[in-house]
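Try each task before reading its solution.

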Amino acid sequence: MSNSLTGAQDSAPWFNPLRDSDDKRLPRIAGPCGMVIFGVTGDLARKKLLPAIYDLAHRGLLPPGFCLVGYGRRDWSNEEFQDYVLDAVKAGARTEFQDNVWKRLTEGMVFCKGNFDDDAAFDNLASTLQYLDETRGTAGNWAFYLSVPPDFFADVCHQLDRSGMAQATEEHWRRVIIEKPFGHDQESARALNKIVNQVFPEDSVFRIDHYLGKETVQNIMVLRFANQLFDPLWNNQFIDHVQITMAEDIGLGGRAGYYDGIGAARDVIQNHLLQLLALIAMEEPIAFTPAQLQAEKVKVLRATSPVYPLAKTTARGQYSAGWQGSNYVQGLREEEGFDPESATETYAACTLQVKSRRWNGVPFYLRTGKRLGRRVTEIALVFKPSPHPPFSEESAGEEASNNAVVIRVQPDEGVLMRFGSKVPGSTMEVRDVNMDFSYSEAFTEESPEAYERLILDVMLDEASLFPTNEEVELSWAILDPILEYWAQRGKPEQYPAGTWGPESATRMMAREGRVWRRP
């Protein structure tokens with residue numbers, strides 16, 4: 001074998017148990033293992049995965065013999081692959097670049113050339129992993145990251161099975177990491193799950209939803225279950241409705257070809273927003289173990305369904321030309337690579353209900369879109385009005401509104417509480433004020449990037465933040481009726497770039513006397 005590799009050394013300068021014990025955010029160190037990335041030359045690997053691996057190494061959270069194997073069609077030597085990774089790390093890593101960390105990481109960095117249907121290339125990959133086990137101390141523990149389109153899942157899984165690389169034993173583990181989209185409807189998701197589970201058992205499958213790796217999302221459970229302040233109010237007696245928003249201020253850019261035929265609902269609602277809904281609505285688990293957390297989320301998704309009629313409880317749109325801040329931007333149908341006759345939506349909103357004792361009668365409004373007013377992801381629990389306020393309408397003031405708890409997922413991660421307060425003066429005027437908790441101001445520690453947390457969790461076999469195949473299929477069961485209805489309705493409504501979506505979304509809320517929040 002031509003790979004130039006050295007053996008593992010426990011005295012590696014980038015492996016410091018004392019430094020790890022000081023890092024309270026990610027206190028656990030992965031045991032002996034390595035990772036193979038299929039699709040290593042793609043945007044996701046370059047922008048997210050490779051920088052995250054370096055950051056984990058810099059924080060001392062990877063084992064000293066960790067190996068990174070890239071698989072792709074490029075005719076690269078190991079050195080050329082290392083140069084590619086170096087460029088990605090310097091462009092995207094969040095921690096300071098240090099030569100000793102980088103040198104140590106490159107000692108276990110290998111590139112294998114091949115296609116996904118190439119038996120000989122996968123046999124060579126298997127031999128490479130065996131060699132690394134013997135020389136680097138990876139102990140036969142490998143994670144396979146499928147950063148490839150779903151069309152290639154079957155080929156890669158078949159080859160991993162045929163070559164024996166997918167086979168775990170009592171002494172070593174093998175795990176597979178899958179990126180979304182997890183199908184385009186329930187039927188295709190079920191077929192993909194069958195393909196993957198024929199090779200890897202479900203407890204070895206990790207489906208990445210990077211939103212679940214965000215610190216604020218994980219804080220939802222702490223906010224709910226560690227504070228007596230909130231739990232008694234977290235039900236239909238006090239909460240009027242819930243709004244879950246993921247808004248982007250960017251357009252499709254160079255992703256028009258990929259995005260056409262997928263759309264905002266499949267891209268965001270099916271995974272990110274329904275997972276946030278499940279965390280908000282679930283009951284307290286018996287224990288905070290992966291199995292118990294996943295069981296409670298499944299209960300919520302089983303109880304969730306669209307509110308009918310869909311003509312009045314859903315909305316979709318495509319952005320047209322308009323002002324995005326101080327820039328005038330083109331509309332979707334003028335984007336290069338996008339079919340001007342396409343019915344693919346860039347804005348999607350829907351009304352869902354959770355049929356449980358806790359949430360019966362509380363609508364959940366989910367929305368996502370591109371070219372909206374600003375980039376923000378938040379969950380707003382809006383409370384019912386006071387049943388008998390002792391203040392007259394004249395003294396209440398026009399600005400007073402319902403109390404709310406707003407969980408900001410990004411940017412400016414934190415929690416905001418909105419309540420009424422008396423305006424200083426001789427009259428009894430009530431006005432909304434905010435009590436604002438910000439992560440960046442309350443903690444000196446920087447939140448780990450989502451992919452750092454999730455990659456480390458795979459190595460540690462910590463599955464709490466990864467949706468199961470049942471969660472994926474249930475999410476599609478919720479969304480499929482809406483998608484089928486839209487498919488019969490022709491083109492989506494247009495909305496100008498820089499606004500907050502189509503008029504149909506405003507009407508969707510107004511039919512129940514409610515309005516969308518303007519973050």
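Two ground rules come first. This is a predicted model, in which local features need pLDDT of at least 70 and side-chain atom pairs count only at pLDDT 80 or more, while totals for chains, interfaces and linings use all residues. Residues are numbered from 1 along each chain as its sequence is written, and side-chain values use heavy atoms, with hydrogens and water left out.

**Exercise 1. Confidence and domains**

Task: Find how the protein is divided into domains, and where pLDDT stays under 50.

Solution: 
- Step one is confidence: pLDDT is the predictor's confidence in each residue, from 0 to 100. The protein averages 88, and 90% of the residues score at least 70.
- Residues 1–26 are where pLDDT stays under 50. The model has 66 contacts for them beyond four places in sequence, a contact being heavy atoms within 4.5 Å.
- Next come the domains, whose bounds come from an automatic or database domain assignment. Domain 1 covers 34–207 and domain 2 covers 215–511.
- Taken over C-alpha atoms, the domain centres are separated by 32 Å. Domain 1 gives 34 residues to the contact and domain 2 gives 30 residues.

**Exercise 2. The largest nonpolar core**

Task: Work out which residues have the most contacts inside the largest nonpolar core, and which helix gives the largest share of this core.

Solution: 
- Start with the terms. A nonpolar core is a set of buried Ala, Val, Leu, Ile, Met, Phe, Trp, Tyr and Cys residues joined through side-chain atoms within 4.5 Å. Buried means under 20% relative accessible area, exposed over 50%, and partly exposed in between (1.4 Å probe, protein chains only).
- The largest core has 150 residues, and Phe 38 and Phe 364 have the most contacts inside it.
- Helix α10 (residues 263–281) supplies the largest share, twelve residues. Helices (H or I, at least four residues) and strands (E, at least two) are DSSP runs, numbered from the N terminus.
- At least three residues of this core come from each of domain 1 and domain 2.
- Now look around Phe 38: leaving aside neighbours within four places in sequence, its contacts include Tyr 71, Phe 116, Phe 122, Leu 125 and Phe 144.

**Exercise 3. A buried tryptophan**

Solution: 
- Trp 359 sits in the loop between β12 (347–354) and β13 (363–369).
- Its relative accessible area is 0%, so Trp 359 is buried.

Task: How many disulfides does a search of the whole structure find?

Solution: 
- Apply the cut-off: a disulfide is a pair of cysteine sulfur atoms within 2.5 Å. The search finds zero.
- Check Cys 33: the nearest cysteine sulfur, that of Cys 67, is 9.1 Å away. Cys 33 is buried, at 1% relative accessible area.
- Check Cys 112: the nearest cysteine sulfur also belongs to Cys 67, 11 Å away. Cys 112 is buried too, at 2%.

**Exercise 4. Gln 324 and Arg 371**

Task: Which residues does Gln 324 touch, and what is the phi of Arg 371?

Solution: 
- Gln 324 belongs to strand β10 (residues 322–324) and counts as buried at 12% relative accessibility.
- Setting aside residues up to four places away in sequence, Gln 324 touches Asp 249, Val 329, Arg 371, Leu 372, Gly 373, Ala 497 and Gly 498.
- A polar atom of the Gln 324 side chain lies 3.5 Å from the backbone oxygen of Asp 249.
- Turn to Arg 371, in the loop between β13 and β14 (376–383). Arg 371 has a positive phi of about 55° although it is not a glycine, and it is buried at 14%.

**Exercise 5. Backbone geometry in loops**

Task: Where is Pro 309 found, and where is Ala 139 found?

Solution: 
- Pro 309 is in the loop between β8 (304–306) and α12 (310–313). The peptide bond from Tyr 308 to Pro 309 is cis, with omega near 0°.
- The peptide bond from Gln 410 to Pro 411 is cis, with omega near -25°. Pro 411 lies in the loop between β15 (404–410) and β16 (414–422).
- Ala 139 is found in the loop between α5 and β4 (142–146). This residue, not a glycine, has a positive phi of about 65°, and Ala 139 is partly exposed at 43% relative accessible area.

Note on methods: Polar contact = N/O pair within 3.5 Å; in protein donor to acceptor, adjacent residues only side chain to side chain.
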